[in-house]
Amino acid sequence: MTRRGVVLGGGGVAGIAWETGILLGLSEAGVSLLAAEKIVGTSAGATVAAQVTGPLSLPELYRRQIDPALQVPELPAALDPEAVMALWGQAYEAAEGPEDLRRRLGAMALAAPTVPEAERRAVIEARLPGHEWPERDLAIVAVDALSGGVRVFDRRSGVNLVDAVAASCAVPGTWPPHTIGDRRYVDGGVRSGENADLAAGCDRVVVFQVMELPGSTDLDEQVALLRERGSGVLVVRPDEASKEAMGPNLLDPAVRAASAEAGFEQGRREAAALAEFWG
């Protein structure tokens with residue numbers, strides 16, 4: 001039996017909208033990626049992964065992106081994206097390796113002024129139409145803010161789905177680290193924007209990469225590793241129309257409708273190529 005995986009990467013509220021749109025566009029053109037045996041979600045992708053495996057259909061989830069009356073209210077970020085990226089850049093320059101980088105970003109997150117954790121969790125809770133883990137192989141990635149250790153949550157982890165997604169979406173410097181038990185967690189994107197290597201064991205893997213960070217080779221290395229282990233891998237990125245719709249600030253809730261619509265059209269345009277790969 002062929003085992004297929006879908007990897008949903010991070011990219012703010014714009015990324016949530018774009019990934020929702022492109023999944024629907026593909027589905028309506030006959031490519032049902034949600035039939036995948038494994039789904040990996042990181043940050044914005046964790047939100048989408050929890051949504052698409054929940055009780056609402058893709059068309060309903062899409063309407064929640066394009067209809068202002070159905071959109072979830074989002075909190076304004078305490079720091080603007082440029083300031084956050086500057087802080088991340090300082091951490092990258094000073095880090096002596098991946099684990100040290102994760103610890104530095106975790107320390108930055110713990111020290112940053114942000115909205116209260118409970119308010120941020122309420123936003124995540126409102127985003128998710130279902131709060132129970134699906135009977136699916138769903139993996140959601142976060143990073144321990146203190147140790148830099150990577151945590152992969154699933155339905156067997158004993159952690160509430162809302163908390164798992166909130167942890168995965170806790171962008172250092174923008175949102176508060178999320179508390180689970182006696183640990184605090186930050187965005188799974190601190191390890192990798194996609195964490196595509198967690199789809200190891202799948203014969204075919206489709207990876208959605210919303211953001212391409214200058215100088216980052218994480219995804220290239222993970223794709224190479226998957227291919228070495230026998231997986232076919234296809235990476236899908238926003239096309240020019242989708243990039244224009246999302247704009248420079250992926251955290252801006254105002255771009256949700258345009259991002260979802262652009263993703264939908266991109267999905268319809270690229271369906272034939274994905275169908276050939278997906279089988």
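Author: What follows is a short exchange about this structure, which is a predicted model.

Reader: Cys202, buried or exposed?

Author: Cys202 is buried too, with a relative accessible area of 2%.

Reader: Changing topic. How do β3 and β4 run?

Author: Strand β3 (residues 137-144) and strand β4 (residues 150-153) run antiparallel, and four bridges join them. Val143 stands opposite Val150 in β4.

Reader: How many residues sit between the strands in that hairpin?

Author: There are five residues between β3 and β4. In that hairpin, Gly148 has a positive phi, near 80 degrees.

Reader: What about positive phi in a residue other than glycine?

Author: Ser43 is one of these, with phi near 55 degrees. Ser43 lies in the loop between β2 (38-42) and α2 (44-52).

Reader: Is Ser43 buried or exposed?

Author: Ser43 counts as buried, at 8% relative accessibility.

Reader: And what is phi of Asn195?

Author: Phi of Asn195 is near 55 degrees, again positive in a residue other than glycine.

Reader: Where is Asn195 found?

Author: Asn195 is in the loop between β6 (183-187) and β7 (204-208). With a relative accessibility of 0%, Asn195 counts as buried.

Note on methods: Residues are numbered from 1 along each chain as its sequence is written. This is a predicted model: local features need pLDDT of at least 70, side-chain atom pairs count only at pLDDT 80 or more; totals for chains, interfaces and linings use all residues. Side-chain values use heavy atoms; hydrogens and water are left out. Buried means under 20% relative accessible area, exposed over 50%, partly exposed in between (1.4 Å probe, protein chains only). Two strands pair if DSSP finds at least two bridges between them. Helices (H or I, at least four residues) and strands (E, at least two) are DSSP runs, numbered from the N terminus.
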